[in-house]
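Welcome! Please take a moment to look over the sequence and the 3D view below before reading on.

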Amino acid sequence: MTELTSLGVKDIRDGVAKGDFTAREVAEAFNAAVAEAASLNAFIVTTPDHALAAADKVDAARAAGSELGRMAGVPIGMKDLFATHGVQTTAASHILEGFTPRYESTVSQKLWDAGAGMLGKLNLDQFAMGSSNETSYFGNVTSPWKKAGSNAAMSPGGSSGGSSAAVAARIAPAATGTDTGGSIRQPAAFTGICGIKPTYGRCSRWGIVAFASSLDQAGPMARSVEDCAIMLGAMAGFDPKDATSLQMEVPDWEAALNADLRGKKVGIPREYRMEGTDQAILDSWEQGKAWLKDAGAEIVDVSLPHTKYALPAYYIVAPAEASSNLARYDGVRYGLRDLPDGVGLQDMYAATRAAGFGDEVKRRILIGTYVLSAGFYDAYYTQAQKGRALVARDFALAFEQCDVILAPTTPTASFPLGSMNEDPLTMYLNDVFAVPASLAGLPAMSVPATINADGLPLGLQIVGRPFDEQGVLNAGLAIQQRAGFTAKPEKWW
Amino acid sequence: MSVDKATVAKIASLARIRMDDAALERMVPELNGILQWVEQLGEVDVTGIEPMAAVIPNTLRLRDDVVDADPLTGGGKRDDVLANAPAAEHGFFGVPKVIE
């Protein structure tokens, strides 16, 4: 029999439905794989009982002849940014250590309602701030991938680094991620898996620990485009509890998958040919064009002239929103309290936040506080919001000439943990290709393309029009079928 | 524009994050590096451009005017609300004395 942990979402769901194996067998296999992989540090807590209970429910429903959900029998990893009832939810921070929600996030509830179970809460960059999974209070996540000829621990990307590592290591068939400025796509590219950030508003933000509310968006990470389509279908949908939730029908993305791109135009943004991009990345981009052409699409040049300003605009807007969102951590209502002897309320706030936030989080709160402060608001924040409007307008104009945009996901492959810590800016630049679509709220996906000379995966990114997740998934499928990406990390953990 | 140690201390105090001298010294060049880099935005011509706050056009909805329309976000949840408080007492959040 095929090893159950090698299966993805679709194969597990269909195999359970057909009776090839039980949901319990699947959950047990993944629980064991998770337990064996502690050295990856992908999980902050594991929840084997949750996975088993969900599996038993699915097996009982099948035995009773009831209709099964679209994720029935699939145990998944849950990024520890989603509030889960009765299970510690930390955002990988000390300030939320021990926080045990009395409610369930909308997205996780929808996944459980669809028949999925939870293997555990996945590690991430603290409050989703980081691109290498090195800012977690609970330690770095190590990528299952190694550079050829080296034993150095590699970065799984971030912020959804526990998610990417777990899915690439086959200790979870799929995982949730969240993307504020590339946090689904960049880790997916680093680990040779797929990940899609849908249009802003598709997935409810209710119960997701907030970082930058105008940018945060949840999405699935899995090893195939089909699996992403299935899981996104289970996660998306209108939620009155989120004021920015899209009140729109959720299409059946899985059923409408179609890799025939005849009649479609694929835009190649000339400004994405940037200095500092690896030659292997540029080569994979060329290869991606050839694949999409082969699928019937016409390749057209497009221009996104304000691309250069997307990252600086992001690093004003996101910290500004973060400084406001994270003001809630006060040592009063939940989480850590640091109350030195004899001090008053204000000093308690300051001591609690000093002890509870990591350096990167503090840095961003300070930047955000500064750009929103009197005298600097217009020069920084308003200017950044206008820059953001221009980035979004660039995309709107480009989409008059094409249906989707093809670009690299990242300027480099994964790098060794600890190699980029000198200057926070060098880390920020790794999201240069991912951030523009976030600022514009557009659906965007990373699909594995190839392996570089070091044996590390490279991803290609597809960006679509608002609400056109289908177009993005279809182009992703066309790439997947032609890339034939079957490489996987050799097991060392 | 660049920030000095006194400015960072002021920001840290506004953000309610206690920072000692060493932490402030460390933060000054890091913040200046980031601020100098984001200042390239100043060269963008934004004449006539409206600042963008929401990316996807959406309208605010009114919920039904019903008490506890959604039981998850309605009232009557005192114990749940207090469950994670570091110092809940007598059905309230406990805080250090505010009035001297």
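Predicted model: local features only at pLDDT ≥ 70, side-chain atom pairs only at ≥ 80, totals over all residues.

Let us begin with chain A, which holds 15 helices and eleven strands. The radius of gyration of chain A is 21 Å, close to the 23 Å that the globule rule gives for 493 residues, so chain A is as compact as a globular protein of that length. Along the principal axes, the C-alpha atoms of chain A fill a box of roughly 65 × 55 × 50 Å. Burial is counted for 64% of the 493 residues of chain A. If we take contacts in chain A between residues at least 6 apart in sequence, 78% of them join residues at least 24 apart.

Chain B has three helices and two strands, and along its sequence they come in the pattern α-α-α-β-β. The radius of gyration of chain B is 23 Å, while a compact globule of 100 residues would have one near 13 Å. The box filled by the C-alpha atoms of chain B is roughly 50 × 45 × 25 Å along the principal axes. Of the 100 residues of chain B, 14% count as buried.

## A buried strand and its partners

Strand β1 of chain A (residues 43-46) runs antiparallel to β3(A), and three bridges join the two. Here A:Phe43 stands opposite A:Leu122.

Strand β2 of chain A (residues 75-79) is joined to β3(A) by five bridges, and these two strands run parallel. One pair to look for is A:Gly77 with its bridge partner A:Gly120 in β3(A). Between β2(A) and β3(A) the chain crosses through helix α4 of chain A (residues 106-113), in a β-α-β crossover that is right-handed.

A:Leu111 sits in helix α4 of chain A. Is A:Leu111 buried or exposed? A residue counts as buried when 20 or more other C-beta atoms lie within 10 Å of its own. A:Leu111 has 28 within that distance, so this residue is buried.

Which residues does A:Leu111 touch, not counting those up to four places away in sequence? They are A:Met71, A:Ile76, A:Ala116, A:Ala234 and A:Met235. A:Leu111 and A:Arg70 are 41 residues apart in sequence, and their C-alpha atoms are 8.9 Å apart in space.

## The nonpolar core

The largest nonpolar core has 177 residues. Those with the most contacts inside this core are A:Ile76, A:Ala174, A:Met231, A:Leu292, A:Ala313, A:Ile316 and A:Leu366. Helix α9 of chain A (residues 307-325) provides the largest share of the core, with eleven residues. In soluble globular proteins, nonpolar side chains tend to be buried together.

A:Ile316 is worth a look of its own. Leaving aside neighbours within four places in sequence, A:Ile316 is in contact with A:Val371, A:Tyr380, A:Tyr381, A:Ala384 and, from the other chain, B:Val38.

## Where the chains meet

How many residues of chain B are in contact with chain A? There are 46 of them, and they are in contact with 60 residues of chain A. On the side of chain B that touches chain A, helices α1 (5-14) and α2 (21-38) each supply at least two residues. Helix α2(B) gives the most to that side, with seven residues. By kind, the residues on that side of chain B divide into 32 nonpolar, six polar and eight charged.

## Backbone details

Now for some details of the backbone. The peptide bond from A:Gly158 to A:Ser159 is cis, with omega near 10 degrees. A:Ser159 lies in the loop between β3 and α5 (161-168) of chain A.

Two alanines are found in the loop between β2 and α4 of chain A: A:Ala91 and A:Ala92. For A:Ala91, phi is near 55 degrees, a positive value in a residue other than glycine. Phi of A:Ala92 is positive too, near 60 degrees. A:Ala91 counts as buried, with 31 C-beta neighbours inside 10 Å, and A:Ala92 counts as buried with 34.

Methods
Residues numbered from 1 in each chain as written. Chains lettered and ligands numbered in written order. Core = buried A, V, L, I, M, F, W, Y, C linked by C-beta atoms within 7 Å. Buried ≥ 20, exposed ≤ 12 C-beta atoms within 10 Å, placed from the backbone. Helix = DSSP H or I, 4+ residues; strand = E, 2+ residues; numbered from the N terminus. Contact = placed C-beta atoms within 7 Å. Pairing = 2+ DSSP bridges. Right-handed = clockwise from strand over helix to strand, strands pointing away. Nonpolar A, V, L, I, M, F, W, Y, C, P; charged D, E, K, R; others polar. Rg over C-alpha atoms; globule rule 2.2 N^0.38 Å.
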